[in-house]
Amino acid sequence: SSRRVQPGEAGVVLLLVDEREGGGSSCGKMAELCDALDREGARFETRRLPSGHGDYEWVLADGSPAAREVVLPLIVERKGCLDVSASMRDGRWRRQQAAMEARNASEFGGAATIEYLLEGDVSKTKHTCAACAALPGGGGVGGCPTDGWPTVAAVEEELRRAEATYKVTRTASIAHTAAHLAAEQRRLQLLRPQQPQQTRRPEPRAHASSPTRASPVRGAAEPPPTPPTARAEQLAEVQPPPAHASPSGGDSDSEAS
């Protein structure tokens, strides 16, 4: 695919998508997401990301035989309202947060940005039944609270807590999520330091009495090429700007969604 890093390319900011995102390749959500990323022109690959890496991450890559990559300090998890409710119900919500925070501390010294992409609208996923009507909290999300599903009020409270702790971007659909990811990939690519062009001064003429021709004189010493790790540190200093709005979507950390 031309979206992948090609031989001879260097300094490419590449989006990595967890292959289990949206239910994996057996689910239409994954195909829908990849199609949307293709339409947006995003440079991406699908891989199985380890625990704590979220659903998406970015690397600074090149097309050398060694396939060098430097992971950028951004950890992104996508959740739809039903996913939030289901993960609250089975405990994944807090376990995934703990895993992302642990990775941030161990790999980035706490300097990484942890971002939630929240797809959809909680009010549109409300479950109502006779049992819900008698319960406080506005009914359940994903099912009846009598069956262990969180209430609308509980889900909204968790989302407010997430917004106070992490970067939260709300999107309306998978297409909007793909547009946000592609825009972020392009933004990071523009922030990548460009290598200066080497310049030379005109060669001076040899003195008339000189038996040999004078050696060419170079201009001011050029700084050495910035190694991938230094580029990543420069990118780490730049925090992503406030994102646009809307939620809903899929789940897929290293735990089963």
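In this predicted model, helix H2 (residues 81-90) packs against helix H3 (residues 92-108) with the axes 5 Å apart and at an angle of about 90 degrees. Because angles of 65 to 115 degrees count as roughly perpendicular, H2 is described as roughly perpendicular to H3. On the side of H2, the contact is made by Val84, Ala86, Ser87, Met88 and Asp90, while H3 contributes Arg92, Trp93 and Arg95.

Strand E6, which covers residues 113-119, is mostly covered, since seven of its seven residues are buried. Thr113, Glu115, Leu117 and Glu119 point one way from E6, whereas Ile114, Tyr116 and Leu118 point the other way, and all of these residues are buried.

Strand E6 pairs with strand E5 (residues 74-80) in the parallel sense, and E6 also runs parallel to strand E9 (residues 167-171). The table sets out the bridges of these two pairings.

| Strand pair | Sense | Bridges |
|---|---|---|
| E5 (residues 74-80) and E6 | parallel | seven bridges |
| E6 and E9 (residues 167-171) | parallel | five bridges |

Leucine 74 stands opposite threonine 113 in E6, and glutamate 119 has threonine 171 in E9 as its bridge partner.

Technical notes:
Residues are numbered from 1 along each chain as its sequence is written. This is a predicted model: local features need pLDDT of at least 70, side-chain atom pairs count only at pLDDT 80 or more; totals for chains, interfaces and linings use all residues. Side-chain values use heavy atoms; hydrogens and water are left out. Buried means under 20% relative accessible area, exposed over 50%, partly exposed in between (1.4 Å probe, protein chains only). Helices (H or I, at least four residues) and strands (E, at least two) are DSSP runs, numbered from the N terminus. Two strands pair if DSSP finds at least two bridges between them. Axes are lines fitted to C-alpha atoms, for helices over the stretch in contact, and angles run from 0 to 180 degrees between N-to-C directions. Angles under 35 degrees count as roughly parallel, over 145 as roughly antiparallel, 65 to 115 as roughly perpendicular and the rest as oblique. Contact means heavy atoms within 4.5 Å.
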